[in-house]
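I opened my notebook to go through this structure piece by piece. Here is what I looked up, entry by entry.

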Amino acid sequence: MARSWTSRVGTVLLSAGAIVGLTAVPSSAGGGAGSAGAGDPYFPLQGNGGYDVAHYDLTLATTPATGRLDAVAAITATATQQLKAFDLDLRRTLTVSAVTVDGRPAAFAQPASLGQELVVTPASPVRVGAQFTVVVRYGGVPVEVTDPDGSVEGWVRTADGAFVVNEPQGSPGWYPCNDTPTDKATYDFHVTVPTGVTAVANGELVRAPRTSGGRTTFDWHLGQPISTYLSFATTGQFQVTTGRTPGGIPYFTAVDPAQPSDLSQLPAMVDFFGTVFGRYPFSSTGALVDDAPEVGYALETATRPSFDSAPDELTLAHELAHQWFGDSVTVARWRDIWLNEGFAEWSSWFWSEHSGQTSAQQFFKKYYATPASKTDFWNPPPGDPGDAADLFDDSIYERGAMTLQALRVKIGDDAAFLGLLHDWQTAHRFGNARVEDFVAFTVARFPQVPGLQHFFQVWLYDPGKPANW
Ligand SMILES: [Zn+2]
């Protein structure tokens, strides 16, 4: 994520604070049921227990003029315990009309007391280890989700469609899912819109758009596993460009005519980061540029980052670098957000340096000149944001990127530092990781560099402006 506006300091704390302490929320269905949360204290009801999703097949029909969404979600999962009942995450602004499990009608409820939980009770329990398919028919007018820091996400309506971004909790605003970063899955999207509107999602268009009776369907497929917050299906008026990077990666860009954008550096950025961080994780790349002034930030939606407005060069580089750091190596818990934002921000500095502009060390010097008295710049420390409302504070980005640049200087050998980033990304490809994992990975790799534990303590965890590292 990268902001095109500042001052997101949280004012809407109640929604997060009110449910703190419910980390191990049981499903309302009682014994033998999967839990209603995945255990992240920042978002206790996010994700669910008892199963692991392999694939989402989403059939979405939407009409921009009304905002109406009618949909069928087919979710293929494996039970990790016997399931008398289980939950999916789905906001109650969308109404479920039918649920089946392996083709048999299942009982379901959307209890108001559980917020975003869709409780499903199969006709007979799902056995532990069994693969099963749950099909949910639902519809309504999606309502955007407001986050603890006051920003909006989810299905955000625009003048000509909807701009869809889901970090950290927007996905249940438009489809039922296991909304935890740790449950990665592949996707198919079949999005039907009025002819003339374009629908853009993750992955590749698997066939030419199909038009019938004034409606056109776009079929997208993503064959690599991603976290739910990185999925999207945005609709509107777009100018489409396709091609291949010099390195051979297919790209698809879609740009709202209201936001003319210079994406000319995109192929070179993707290829450059691939040479530094390791092979590009996905089977295609690109960008989606919308005109969504209400949103105020860009997001690293997998394969194809989404921009609420025309991006500048650094923002484009930041979101593309996330394809490695965030989309391939993903946070295990939201408090690990530095592994996403610190790394993507530093990568944008490194692109700038590589292309003969401001160097990463010059960025470091500029930001390090910020006085210690500017506590909002230096806090919270990036290794522990402390609260869901502070996930995307400036310090996570700028102090977070400075941490990597200071580490580069401390290691004192560019090839060794870049090798660290390459091997970290490769070791956790399509996986999840914690900040502590990166610290341990680095300390084990550089036994000859003294004081690394102290270095990480000062830069990642101590409040205030780092000194004496
Ligand atoms: Zn970011």
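**Entry 1: a helix.** Which residues are buried in α3? I noted that I am working with a predicted model, then went through the helix. The buried ones in α3 are Thr315, Leu316, Ala317, His318, Glu319, Leu320 and Ala321.

**Entry 2: a three-stranded sheet.** I looked up an open sheet of 3 strands and found the order β4-β8-β7, with antiparallel pairing. Its edge strands are β4 (86-89) and β7 (107-109), each pairing on one side only. From one strand to the next the twist averages 25 degrees. I then checked how β7 meets β8 (residues 117-121): they pair in the antiparallel sense over 3 bridges. Alanine 109 stands opposite valine 119 in β8.

Entry 3: Next I picked glutamine 110, which lies in the loop between β7 and β8. Is glutamine 110 buried or exposed? Its relative accessible area is 18%, and the cut-off for buried is under 20%, so glutamine 110 counts as buried. I listed what glutamine 110 touches, leaving out residues up to four places away in sequence: Leu90, Arg91, Arg92, Leu94, Thr95, Val96, Glu117 and Leu118. For a sense of distance I took alanine 292, which is 182 residues from glutamine 110 in sequence and 30 Å away in space, C-alpha to C-alpha.

**Entry 4: a mixed sheet.** I moved on to an open sheet of 4 strands, in the order β19-β20-β21-β23, where the pairing is mixed. The edges are β19 (239-244) and β23 (306-307), and each of these pairs on one side only. β20 (residues 250-255) and β21 (residues 285-289) pair in the parallel sense over 5 bridges. One bridge I wrote down joins alanine 254 to leucine 288 in β21. I also found helix α2 (residues 266-277) lying across β20 and β21, at about 135 degrees to β21.

**Entry 5: strand β18.** Which way do the residues of β18 (residues 233-236) point? Ala233 and Thr235 point one way, Thr234 and Gly236 the other way, and all are buried. I looked for a partner and found β14 (residues 198-201), which pairs with β18 in the antiparallel sense over 4 bridges. Threonine 234 in β18 is the bridge partner of valine 200.

Entry 6: How many cavities of 30 Å³ or more does the structure hold? I found 1. The space in the largest cavity comes to about 40 Å³. Thr235, from my last entry, is in the lining, along with Thr62, Thr63, Pro64, Gly67, Trp155, Arg157, Gly161 and Ala162. I sorted the lining by class and got 3 nonpolar, 5 polar and 1 charged residues. β2 (51-63), β11 (152-158) and β12 (161-165) each supply at least two of the lining residues.

**Entry 7: the loop between β12 and β13.** I followed the chain into the loop that joins β12 to β13 (185-194), where I found asparagine 178. Asparagine 178 is at 2% relative accessibility, under the 20% cut-off, so I marked it as buried. The peptide bond from glutamate 167 to proline 168 is cis, with omega near 5 degrees.

**Entry 8: another cis bond.** I noted a cis peptide bond from asparagine 379 to proline 380, with omega near 0 degrees. Proline 380 sits in the loop between α6 (375-378) and α7 (394-411).

**Entry 9: positive phi.** Aspartate 102 is not a glycine, yet I read a positive phi of about 50 degrees there. Aspartate 102 is in the loop between β5 (95-101) and β6 (104-105), and is partly exposed at 48% relative accessible area. Threonine 303 has a positive phi too, near 70 degrees. I placed threonine 303 in the loop between β22 (297-298) and β23. Threonine 303 has 0% relative accessibility, so it goes down as buried.

Note on methods. Residues are numbered from 1 along each chain as its sequence is written. This is a predicted model: local features need pLDDT of at least 70, side-chain atom pairs count only at pLDDT 80 or more; totals for chains, interfaces and linings use all residues. Side-chain values use heavy atoms; hydrogens and water are left out. Two strands pair if DSSP finds at least two bridges between them. Axes are lines fitted to C-alpha atoms, for helices over the stretch in contact, and angles run from 0 to 180 degrees between N-to-C directions. On a 1 Å grid over the protein atoms alone, a cavity is a set of points where a 1.4 Å probe fits but cannot get out, and a pocket is an open set with protein on both sides within 12 Å along at least five of seven lines; lining residues have an atom within 4 Å of a point. Grid points are joined across faces, edges and corners, and a volume is the space filled by probe spheres set on the points. Ala, Val, Leu, Ile, Met, Phe, Trp, Tyr, Cys and Pro count as nonpolar, Asp, Glu, Lys and Arg as charged, and the others, Gly among them, as polar. Buried means under 20% relative accessible area, exposed over 50%, partly exposed in between (1.4 Å probe, protein chains only). Contact means heavy atoms within 4.5 Å.
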